[in-house]
Amino acid sequence: MKPPLIKCNDLTKVYKMGQSEVYALNGVSLEITKGEFVAIIGSSGSGKSTLMNMLGGLDKPSSGEIRINGENLGTMSGKKLARFRNATIGFVFQQFQLLPKKTAHKNVSLPLQYRRPKPDNIDVRVKKSLEMVGLADRATHRPTELSGGQQQRVAIARALAGSPQVLLADEPTGALDSKTSKAIMALLQDLNRQGITIIVITHEDEVAAYAERVIEFRDGKIISDHLQKAA
Amino acid sequence: MSPFTTLGLAASSLIERPLRTLLTSLGIIIGVAAVYAMLSIGEGTKREVEKQLSSMASRSFTIWPDWNRRRTSQSKPSFPFKESDVDEIRNIAGVFAATGSLQRNSTTISTEIGDTAANFLGVDPDYLKSGGQEMLAGENISYADIEQSAPVVVISDGIQKTLFKNQDPIGLSIKVNNIAFTVKGVTTAPDSNISFGGNADMFVWAPTSSARNRVIGGNPYVRNHIRSIRVIGDIGANFPKIEQEINIIMRRSRDIKTGAPPDYRIFSSRGWQERNAKSQKTISYLLAAMGAISLLVGGVGVMNIMLVSVTERTREIGLRMAMGAQKSDIMSQFLTEAILICVLSGLIGLGAGYGLSQISLGSEEIKMVFSPKIALLSFGSALLIGVIFGFLPARRAARLNPIEALRHE
Ligand SMILES: Nc1ncnc2c1ncn2[C@@H]1O[C@H](COP(=O)(O)OP(=O)(O)OP(=O)(O)O)[C@@H](O)[C@H]1O
Ligand SMILES: [Mg+2]
């Protein structure tokens with residue numbers, strides 16, 4: 001069996017709200033293998049985003065340990081974590097988070113601008129990423145000149161530009177209509193078939209249906225984890 | 001992120017918000033222009049004062065017998081000076097020139113064309129040279145003229161105009177109180193702050209000996225007497241020291257007992273000029289401080305805008321962090337932006353300040369000069385303002401929590 005790409009061990013995240021404590025995560029253990037397409041579902045406030053932020057090295061657990069490629073994120077310095085995010089993770093957000101005054105091309109090049117050492121083929125890689133999401137002809141458009149679906153595809157191209165091992169998408173279709181949502185999910189499925197590990201948070205069953213594996217959260221715990229035949 | 005990319009990023013963020021950039025830079029532009037203008041006014045004044053202090057007039061002492069003493073019926077009248085006094089003073093260290101002269105204030109000078117009242121002086125060759133006067137035609141009085149008591153004179157251009165109707169007067173005859181002299185040279189009137197009364201343009205200079213023998217007359221007590229002595233110090237000489245030495249020489253020569261008041265007076269314009277210079281300096285410091293304050297206010301404006309900008313771009317910062325930006329990348333992005341705006345405004349401000357100084361060149365009151373030192377100083381202060389006032393907002397940006405930043409509305 002392949003060693004897991006991601007391995008979480010008994011993760012907790014506690015927020016102190018005055019006297020009371022809120023457990024955003026409460027003992028989550030999880031393994032994800034390279035090349036998987038995972039959907040995380042669960043009711044609002046169940047801890048899905050909290051987990052995803054930890055997997056992406058944006059947040060640290062109160063206890064427990066996350067290893068990605070065998071490396072412990074908990075012991076990494078801020079600088080090393082930034083490099084880890086840059087090289088290993090590609091983020092896709094519900095609100096796209098594109099820079100409104102920059103062209104699609106500039107937006108997509110963002111991860112490569114922070115790559116050390118600076119790659120000399122940034123333009124080529126940006127073009128390739130835009131091609132992968134089918135927006136090669138929109139490179140000079142600004143986000144305001146694009147539809148919602150197109151904006152999210154630019155965001156996906158941006159996540160891909162740095163050639164990450166894992167794509168983390170927190171409700172990538174949350175701001176899109178169902179037809180566009182399907183197109184985006186089909187795109188993610190396609191990318192997964194090219195070898196990228198994808199983890200998607202969603203509320204919608206239609207979206208989760210594209211994944212091979214569905215993990216359900218409730219109150220900071222995993223209540224089910226099963227494989228399914230993808231749509 | 002490479003420094004070049006960071007610079008491009010800072011530049012594009014300034015370009016993307018043109019109005020804000022303009023308004024922010026205005027404070028710095030005005031501040032730098034003010035600092036530049038103030039410093040160069042100060043520098044201009046300083047140079048003007050230095051020029052004044054190194055001019056002949058302010059480097060000179062004039063020694064006169066004390067007229068008051070004679071009037072208040074002392075037992076002994078005030079003696080004139082001797083030519084040997086001049087020789088002794090000339091040997092004091094730091095003395096550039098010492099020259100004795102005789103003077104009669106209203107003499108009648110006449111030619112065939114007309115007559116005028118003028119100042120008539122008996123002088124030695126050093127007198128005209130040390131007065132900073134320029135020979136316009138002919139020659140200066142020579143030691144041979146003094147030796148021979150030659151009936152020659154040098155006239156001021158004022159005399160030339162009035163009594164020779166601007167024709168070449170060299171070799172022509174001129175009468176001083178009806179005594180005939182030959183014009184030997186023409187020179188400018190002395191640029192002196194010692195008043196010669198109403199005839200400030202009208203001068204006739206003869207060799208000391210001829211003036212004494214032919215016009216002014218001898219003195220009953222002193223052979224070869226001198227009416228006043230002018231002493232000129234070297235540039236940068238120790239003037240109080242020279243004055244002290246003059247006193248020693250004069251007291252010995254005039255046999256003044258220790259403790260007794262001197263029967264002569266030493267005049268110099270240096271004292272008030274130095275006081276003047278000091279107050280000019282104070283004023284220019286004050287002006288520079290005002291410029292610095294406006295620069296400071298401009299700097300606070302930059303900080304304010306940068307803080308607003310960081311708040312406004314919180315989501316951008318969160319995004320950049322999620323994309324792998326390190327704290328140092330964010331820090332340098334915002335710091336570069338602040339420095340860039342200050343540097344650009346600094347350059348514009350320098351231009352404005354320079355323009356201002358060119359305009360003020362027309363006015364006599366304000367003297368401004370361009371000096372690279374001042375330009376560098378005012379530009380450097382803009383740079384410094386950028387670093388100082390950009391630091392806090394940049395640090396705030398770098399310390400943002402990426403998750404919260406991404407959620408920021
Ligand atoms: N900064 C915070 N301070 C306090 N509590 C927090 C904070 N962030 C998250 N929480 C709490 O942690 C819990 C899990 O939040 P999380 O954002 O992971 O939920 P989620 O599953 O992503 O929900 P949604 O589907 O609505 O996005 C929630 O109860 C939330 O209130
Ligand atoms: Mg969430």
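**Figure 1. Buried residues of H11 in chain B.** Helix H11 runs over residues 314-322, and eight of its nine residues are buried. After H11(B) comes B:Gly324, with a positive phi near 110°. The model is predicted, with pLDDT of at least 70 needed for local features and 80 or more for side-chain atom pairs, while totals for chains, interfaces and linings use all residues. Residues are numbered from 1 along each chain as its sequence is written, chains are lettered from A and ligands numbered from 1 in the order written, and side-chain values use heavy atoms, without hydrogens and water.

**Figure 2. Domains of chain B.** Domain 1 covers 3-52 + 274-407 and domain 2 covers 67-262, with bounds from an automatic or database domain assignment. Their C-alpha centres are 59 Å apart. Along its principal axes the C-alpha trace of chain B spans about 105 × 55 × 35 Å.

Figure 3. Chain B has 14 helices and twelve strands (DSSP runs: H or I of at least four residues, E of at least two, numbered from the N terminus). Of the contacts (heavy atoms within 4.5 Å) in chain B with a separation of 6 or more, 78% join residues 24 or more positions apart. Buried residues are 49% of the 409 in chain B.

Definitions and conventions. Buried < 20%, exposed > 50% of the residue type's maximum accessible area, 1.4 Å probe, protein only.
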